[in-house]
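Please read these notes with the structure open. They go point by point.

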Amino acid sequence: MKKIIYVLLICVIVLMQLYETYAKTSIDITRKNGFDITPFYQPQGSIVADSQTGRILWEEDIDKRWHPASMSKLMTLALVLEKIQDGSLSMDKKVAVTKEDVRFSEHPLLSNNKMYNGTTYRVDELINLLLIPSSNVATRMLMQQVEPDMKQFVEMMNQKAKALKMNRTHFVNPFGAANDSIGKQYLPPGSKMTDDNISTSRDFAILAHYLINTFPYLTDFTKHATYISKPHTPYEERFHTYHHSLEGDVHEYKGTNGLKTGSSDKAAYNYTSTVKRENLGLIQVLMGVGHWDIDDSEYKRHVIGNALLDEVYKKYEYRQVISKGVHYINGQQYQVEAPLLDVVEKGQAVKFNIKNNQLFVSDGKRQYLTDEMKQPSVSVTPIKQSNEPFNTYTKIVLIGICMLLVLYIIYRQVKYK
């Protein structure tokens, strides 16, 4: 009986190891991490990448085209932040609410905050409203600070996408809702009502990588689960995030600090998230989780996302792999000019390659978000080997041995004299 139990235990262990080895989908990983979830919630695309280098650490259908929904507002925001960066717009500029803004804030099919004619909002307040309640009227007001002509603004969005190598992305409006939900009067002239923004999980990871590396303060806006607009005024409104992996929310994941969710009848549930933990920053994008009419999909996207993050943090770390100084590498001495930091697998011996006097980790084929993103490397200088038959260290050792032999001979002569 004991032998049978022992064999069964071995079988269970082997099966668990096989399952871990061959778990291929987001749902597989989520189940492996202890969550009971059905294939109904399988994302249409998911990606996890290192926020420092852009190295892809998890991928699944990352180039499948899908509707980003309100994640589109991140590109609108990118153009706003660029204007702030170049000094042509300031965070504290006050923007007056117009009658048109009031009407748009009452749009029955779009997420919004309530606007009142004659009130003003600072640009930073509008950014919070764009990010937290995904306010479309705040998005429109910010867009107008960059380019009042929406057709021109959408063209700017697409130009920026092209510059960032978001090669499978095309925007038709700055909001993210489908054109037929927005209405002709709020769209660029000539827009087709059947059009919708389109992108991929890879492309939105590229956008997130650009945002947090160019505007690192952005997470100061996105890391809070609650935002109060116009506190202590007749216009005060309290908003709670849809990003439920933020710390303090229902599916909190330690280290989560941004960025934006998106959902619609066509898109189902998406989100772009940024996390910093254990000295490793990550970008994560999930698209097309569940179904718009199944409310639990909003929360299941975070269950899946958290499981994928656990898997990546379990496997990888960001650390110094070699220090500055003299090192013996692949049979040759080199002066390493600076410390090399990189994302590597935990518990694995680090091997190096040197090409054109650049040192980098040799760990098989890697993928990055774009071809322009390169593996970290540092400069090295070969140290010329001595032409003498013996180097200094060898000489010292030989002299020491000779001295010991002389002492031993003297000792023997004295002892037996």
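1. Start with a definition. Surface patches are made of residues with over 30% relative accessible area and no salt bridge; like charges are joined within 9 Å, nonpolar side chains (Val, Leu, Ile, Met, Phe, Trp, Tyr) within 5 Å. A salt bridge is a side-chain nitrogen of Lys or Arg within 4 Å of a carboxyl oxygen of Asp or Glu. Asp-180, Asp-265, Asp-293 and Asp-295 form a negative surface patch.

2. This is a predicted model: local features need pLDDT of at least 70, side-chain atom pairs pLDDT 80 or more, while totals for chains, interfaces and linings use all residues. Residues are numbered from 1 along each chain, and side-chain values use heavy atoms, without hydrogens and water.

3. Asp-180 sits in helix α8 (residues 179-182). Helices here are DSSP runs of H or I with at least four residues; strands are E runs of at least two. Asp-180 is partly exposed, because its relative accessibility is 46%. Buried means under 20% relative accessible area, exposed over 50%, and partly exposed in between (1.4 Å probe, protein chains only).

4. A nonpolar patch of about 330 Å² comes from Val-397, Leu-398, Ile-401 and Leu-405. Ile-401 belongs to helix α12 (residues 392-415). Its relative accessible area is 43%, so Ile-401 is partly exposed.

5. Helix α5 (residues 123-131) is another matter. Nine of its nine residues are buried, so α5 is largely enclosed by the rest of the structure. Among them are Asp-124, Glu-125 and Asn-128.

6. Now the whole protein. It has twelve helices and 16 strands. Of its 417 residues, 49% count as buried. The C-alpha trace spans about 120 × 70 × 40 Å along its principal axes.

Notes:
Accessible areas come from the Shrake-Rupley method with a 1.4 Å probe; for residues, only the protein chains shown count as cover. Lys and Arg count as positive and Asp and Glu as negative; His and the chain ends are not counted. The place of a charge is taken as NZ of Lys, CZ of Arg, CG of Asp or CD of Glu.
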